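I opened the notebook to record what I looked up, entry by entry. The structure comes up first.

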Amino acid sequence: MSDYKFFKQVNHAFDAAAKYSRFNKGLLDQIKICNNVYRITFPLERDDGTIEVIHGWRVEHSHHKLPTKGGIRFSMTVNEDETMALAALMTYKCAVVDVPFGGAKGGIRIDRTNYSAGEIERITRRYAYELIKKGFLGPGSDVPAPDYGTGATEMGWILDTYRQLKSDINAEACVTGKPIPQGGVRGRTEATGRGVFFGVREACRKAGDMTELGLQPGLEGKTFIIQGLGNVGYHTAKYMSEGGARLVGVAEIEGSIYDPNGIELEKLVEYREETGSILGFGATKELGSNTAVLEAECDILIPAALENQINDSNASRIKAKILAEAANGPTTASAHQTLKEREVLIIPDNYLNAGGVTVSYFEWLKNLSHVRFGRMEKRFEEGSYRKILNVVESGLDRSFTEEEMKELARGADEYDLVDSGLEETMINSYDQLNELRKKHDIDLRTAAFLNAIEKVGVMYEQMGIFP
């Protein structure tokens, strides 16, 4: 796989979908290209006084909507091709879920385990400075978020760096995924995994589609395997389990385990925190490699790690009937074709893991409005509900207890509203894709790209060309 080019794979999927669109080649080429590619190098003074050169990138794929939006990852896999591919996927992902951003992505090529907390802060702040200097960071231009190897702490440093250099009343909106006291939104941490759950649940609700796969409709009782127990993988597994599905296999960097009778997620997480490994947990069987469990028996396979995990070496042995792509680009183009020919239902990444950017959009709106969701209406809703319940109560033989009244009359708080917005987004978007899939007799990935092409293409048509 040494010649694997991620951006090429993305464009291969784009081209497959573009055949069903009405747009000419010139406009399609304009959609595909990356508008801005910024390569960054800067020196870091290590704690021991030595100097190291740090390499980073920021790519703005599409300016059809502003600001552009996309995470920042710290990983040794970061390079220009990967960053371009992930930025393109962000454009299509935002379009699919009707989030009004262009796509972007950023990254720094480091193994963060080799750096102290102070060094990570200096790297993050200098990277943010370099972005600000060239106009690649700001509430109306380019808004980063956490990705692999980064989190709320790094986003807080980026916000503070921006504030030190810019006098901007909307500064909090320059980055999302922040800690709550710095303008973050409740529900952002679990958003991607929660969105994966909503998407898989919606797919499983389609009785006709499940019948074609030889499955019963609904999530209840279906078995699933998760690859990766990071933020996305953990929350996906948590909500899938709470929704009635049974976790039977887990893959992590140290190996993979399987138990057809089910694996208790929380106990597994506790065990791994204590031992540093998932291996040896309970009655699970240790498999031959850290990817072997991907080929084990299950109804739903959920890769939630890095790209290129489902490839020519294992695609023909995948037994799952549903492949739910929680990670970015986990399936190569050739592996996708192999699975498609075997009639596996592939729920694609540029729809399924859009929960993160959807809730980032809500955070951005919150920061621009300078008010917490639910603050103005929560008490009014509670008062209205209590009046309704009092009327209901008058027709009953008993009164509601105060505890019952509090529960039934509770107004929506910020988390409730964010979660509701995310659920609405994932359900509506899946229905759009499934409709396109059946209309053109195509797979869901092609439908997702076609959906995005149609939305972005219309924007470019209406905008025209400057000057």
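Entry: I began with the side chain of Asn-311, which reaches the backbone oxygen of Asn-308 at 3.0 Å. I then found a polar contact of 2.4 Å between the side chains of Asn-311 and Ser-313. For a polar contact I take a pair of N or O atoms within 3.5 Å; within protein, one must be able to donate a hydrogen and the other to accept it, and residues adjacent in sequence count only if both atoms are side-chain atoms.

I noted the ground rules. The model is predicted: local features need pLDDT of at least 70, side-chain atom pairs count only at pLDDT 80 or more, and totals for chains, interfaces and linings use all residues. Residues are numbered from 1 along each chain as its sequence is written, and side-chain values use heavy atoms, with hydrogens and water left out.

Is Asn-311 buried or exposed? I looked up its relative accessible area, which is 9%, so Asn-311 is buried. Buried means under 20% relative accessible area, exposed over 50%, and partly exposed in between (1.4 Å probe, protein chains only). Asn-311 lies in the loop between strand 10 and strand 11. Helices (H or I, at least four residues) and strands (E, at least two) are DSSP runs, numbered from the N terminus.

Entry: the sheet. I followed those two strands. Strand 10 (residues 300-303) and strand 11 (residues 322-324) run parallel and are joined by two bridges. Strands pair if DSSP finds at least two bridges between them. Ile-300 has Ile-322 in strand 11 as its bridge partner. I traced the whole open sheet: seven strands in the order 9-8-7-6-10-11-12, with mixed pairing. Strand 9 (285-286) and strand 12 (345-347) are the edge strands, each pairing on one side only.

Entry: an arginine in a helix. I found Arg-272 in helix 9 (residues 265-275). Its relative accessibility is 23%, so Arg-272 counts as partly exposed. Which residues does Arg-272 touch, not counting those up to four places away in sequence? I listed Glu-252, Ile-253, Glu-254, Ser-277 and Ile-278. Contact here means heavy atoms within 4.5 Å. With Glu-252, the side chain of Arg-272 makes a side-chain polar contact (3.2 Å).

Entry: aromatic rings. I used the ring rule: rings of Phe, Tyr and Trp (its six-membered ring) pair if their centres lie within 6.5 Å; planes under 30 degrees apart count as stacked, over 60 as edge-to-face and the rest as tilted. The count comes to eleven aromatic pairs. Phe-197 and Phe-198 have ring centres 5.6 Å apart and planes at 45 degrees, so this pair is tilted. Phe-197 is buried at 7% relative accessibility, and Phe-198 is buried at 1%. Tyr-361 and Phe-362 also form a tilted pair, 6.0 Å centre to centre with 40 degrees between the planes. Ring pairs link Phe-101, Tyr-361, Phe-362 and Trp-364 into a cluster.

Entry: helix 12. I checked where Tyr-361 and Phe-362 sit: both are among the buried residues of helix 12. Why is helix 12 largely enclosed by the rest of the structure? Twelve of its 15 residues are buried. What covers the buried residues includes strand 3 (68-74), helix 3 (80-96) and helix 15 (414-440).
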